Amino acid sequence: MIRRILALALVAVFAGVLVAGCSETEQQTIENTVRDYYSAYNDGAWDGCLGHIYDANNLGAGAIRSALEESKAATGDVTVDSVENVIIAGSSATADIKTNSTGGPKTQRWTFVKTDSGWTIRFPFG
């Protein structure tokens, strides 16, 4: 009986360590937001892009979609080289986004807003 309880306790501790070890940091979550956004952008999945933009509906989703379409036509696919210098202050953050496209390499400072569903990109971008 004691062995069974000890075994169950060990399994619970091991499971807790695994779950804690698999969680993302805030910086990783922001980087994943950027990469997911550009994955949708490269696929022309504009609703996916809008889903990563903070308050897109109130900002004018149609106008943002048009801007994204024009940008994609001009630059083609965009590769994210890095997300650096992430600075988090409460529910807002900034990061330097280094990308590459047919227009050449580019670095922009983006601002992010934390919502109940995670980090979102503040539009307009840097």
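1. Read along the sequence, the protein chain runs α-α-α-α-α-β-β-β-β, that is, five helices and four strands. Helices (H or I, at least four residues) and strands (E, at least two) are DSSP runs numbered from the N terminus.

2. The model is predicted: local features need pLDDT of at least 70 and side-chain atom pairs count only at pLDDT 80 or more, while totals for chains, interfaces and linings use all residues. Residues are numbered from 1 along each chain as its sequence is written, and side-chain values use heavy atoms, with hydrogens and water left out.

3. Of the 126 residues of the protein chain, 29% count as buried (buried means under 20% relative accessible area, exposed over 50%, partly exposed in between; 1.4 Å probe, protein chains only). The protein chain exposes about 7,800 Å², and carbon and sulfur atoms supply 56% of that area (Shrake-Rupley method, 1.4 Å probe; for residues, only the protein chains shown count as cover).

4. Among contacts between residues at least 6 apart in sequence, 42% join residues at least 24 apart. Contact means heavy atoms within 4.5 Å.

5. The largest nonpolar core has 24 residues (a set of buried Ala, Val, Leu, Ile, Met, Phe, Trp, Tyr and Cys residues joined through side-chain atoms within 4.5 Å). Helix 2, helix 3 (46–51), helix 5, strand 1 (79–89), strand 2 (92–101), strand 3 (104–115) and strand 4 (118–121) each give it two or more residues. Helix 2 supplies the largest share, six residues. Val 34, Tyr 37, Tyr 38, Tyr 41, Trp 110 and Phe 112 have the most contacts inside this core.

6. Tyr 37, leaving aside neighbours within four places in sequence, touches Cys 49, His 52, Ile 53, Leu 68, Trp 110, Ile 121 and Phe 125.

7. Helix 2 (residues 26–43) packs on helix 5 (residues 61–75) at about 75 degrees, with axes 10 Å apart; helix 2 is therefore roughly perpendicular to helix 5. Axes are lines fitted to C-alpha atoms, for helices over the stretch in contact, and angles run from 0 to 180 degrees between N-to-C directions. Angles under 35 degrees count as roughly parallel, over 145 as roughly antiparallel, 65 to 115 as roughly perpendicular and the rest as oblique.

8. In that pairing, Tyr 37, Tyr 41 and Asn 42 of helix 2 meet Leu 68, Ser 71, Lys 72 and Thr 75 of helix 5.

9. Ala 95 lies in strand 2 and counts as buried because its relative accessibility is 0%. Its C-alpha atom is separated by 8.5 Å from that of Ile 30, 65 residues away along the chain.
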